[in-house]
Amino acid sequence: MTSLLILVIVALLGIAIWQLTKIFDLTQNVSGNESCDSEIATDKDNNIQGYLMFGFLGFIYALTIFSIVKYGHFPLLANSASEHGKDVDNLMWISLALIFFVQTITQFLLHYFAFANRGRKDKKAFYFSDNEKLEMIWTIIPVIVLSGLILYGLFTWNAIMNVDEEEDVIYVEVYAKQFGWDIRYAGKDNVLGKANVRFIKGVNVTGADMSDPNSQDDILATELRLPVGKKVVMKMRSQDVLHSAYFPHFRAQMNCVPGMVTQFAMTPSVTTTEMREREEIMNRVSRINKVRSERSAELVAKGEEALAPYVFDYVLLCNKICGRSHYNMQMKVVVETEAEFNKWFAAQKTLGQLVADEKAAAEAPAVEEVVAPEQNTQELETVVDTTAVVAQVIK
Ligand SMILES: [Cu+2]
């Protein structure tokens, strides 16, 4: 790859030097002698350039149509799994449609005018310094369209970010660190205990302040489980550097900033099981598994272990390049019915219990105390032996 890049750079440098020498030649022959005339475009040259412009327009359109037919199917743009996701997708579709419409027209105009006004011996270019009417048109139309888009985006964003304090919500802490995630639920009282990186110790991986009574019933988890149809307010923190909690299927993303708490609220609307049964997802899974089974066959032929088939799951990813293993910073997200969630939730140990268990285990290491004197005796024996050997040598 590096050698290819070097080759490309050398080729580009060569072209640049060639072009420079051409310019130099032209500047040396401004007087209008024979060799200079051959460099001046004739009507024939201009015609060729004009038709090439049209040809290029055709090429752009053909490429666009081909790309839409081949890659225009966006299953993920129709499969949002949160209530606000539809609004985000709408915004995306409107932006895409607008860009498509504007670029189709402007590219046509650009290439058409380049063709229509190609150089001709009998024609002289019309010079004008400004045209207020034209400038007005190309300023006002984008202003109106962009203002509409931005306003729509702002209203959508505000609706997503606005959390009604009275609402029945679940509070979850999403804690980012190099390179992984930790989850802390607010527990029965639905209030997250205070936290600080200085309190991280043993099982208390998110640094909950255990002197805060609200921390006692908090619940830690290694995967994010959420009940369907219930609003969840996620409080994001980071232990070290800037991370970004990205939930692609829920159209949610929020930076996790060290030293501060950011938040994002969303309501999951499709359970994992329901999503797995959707046609687009099933097609995607079978496509992935086809590739995996081909790879597995190669691995088995080499005597290695086959790959496990892929099963669809929602994911939480990091969307900021935060270090070496950034790519590996992901966590499974499970959306289930409220009954299933409550059952799982009730079976979890609270943080208070976990810390107490850890303390008890640390305070009762009776086995270790027995081991220690034995080691000492052994050391003592070795010392005695050495002395004996030394004594023998001296004798
Ligand atoms: Cu990260």
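**Group meeting: a helix pair and a sheet**

Okay, let's start with two helices, α3, residues 43–71, and α4, residues 85–116: they pack at an angle of about 165 degrees, and their axes are 8 Å apart. Keep in mind that this is a predicted model. Anything over 145 degrees counts as roughly antiparallel, so that's what we call α3 and α4 relative to each other. As for handedness, α3 passes α4 in a left-handed crossing.

Which residues make the contact? On the α3 side you've got Gly50, Met53, Phe54, Phe56, Leu57 and Ile60. Over on α4, they are Gln107, Phe108, His111, Ala114 and Phe115. If you sort the residues of that contact of α3 with α4 by type, you get 8 nonpolar, 3 polar and no charged.

Right, on to the sheet. This one is open, with 5 strands in the order β3-β2-β1-β5-β8, and the pairing is mixed. Who's at the edges? That would be β3, 219–221, and β8, 262–266. Each of those two has a single partner strand, so one side of each is left without a neighbour in the sheet.

Let me zoom in on one pair, β1 and β5. Strand β1 covers residues 169–177 and β5 covers 231–238, and the two pair in the parallel sense over 8 bridges. If you want a spot to look at on screen, go to Glu173: standing opposite this residue is Lys235 in β5.

That's my bit, thanks.

Notes. Residues are numbered from 1 along each chain as its sequence is written. This is a predicted model: local features need pLDDT of at least 70, side-chain atom pairs count only at pLDDT 80 or more; totals for chains, interfaces and linings use all residues. Axes are lines fitted to C-alpha atoms, for helices over the stretch in contact, and angles run from 0 to 180 degrees between N-to-C directions. Helices (H or I, at least four residues) and strands (E, at least two) are DSSP runs, numbered from the N terminus. Angles under 35 degrees count as roughly parallel, over 145 as roughly antiparallel, 65 to 115 as roughly perpendicular and the rest as oblique. A crossing is left-handed if the near helix is turned anticlockwise from the far one by less than a right angle, and right-handed if clockwise. Two residues are in contact if their C-beta atoms, placed from the backbone, lie within 7 Å. Ala, Val, Leu, Ile, Met, Phe, Trp, Tyr, Cys and Pro count as nonpolar, Asp, Glu, Lys and Arg as charged, and the others, Gly among them, as polar. Two strands pair if DSSP finds at least two bridges between them.
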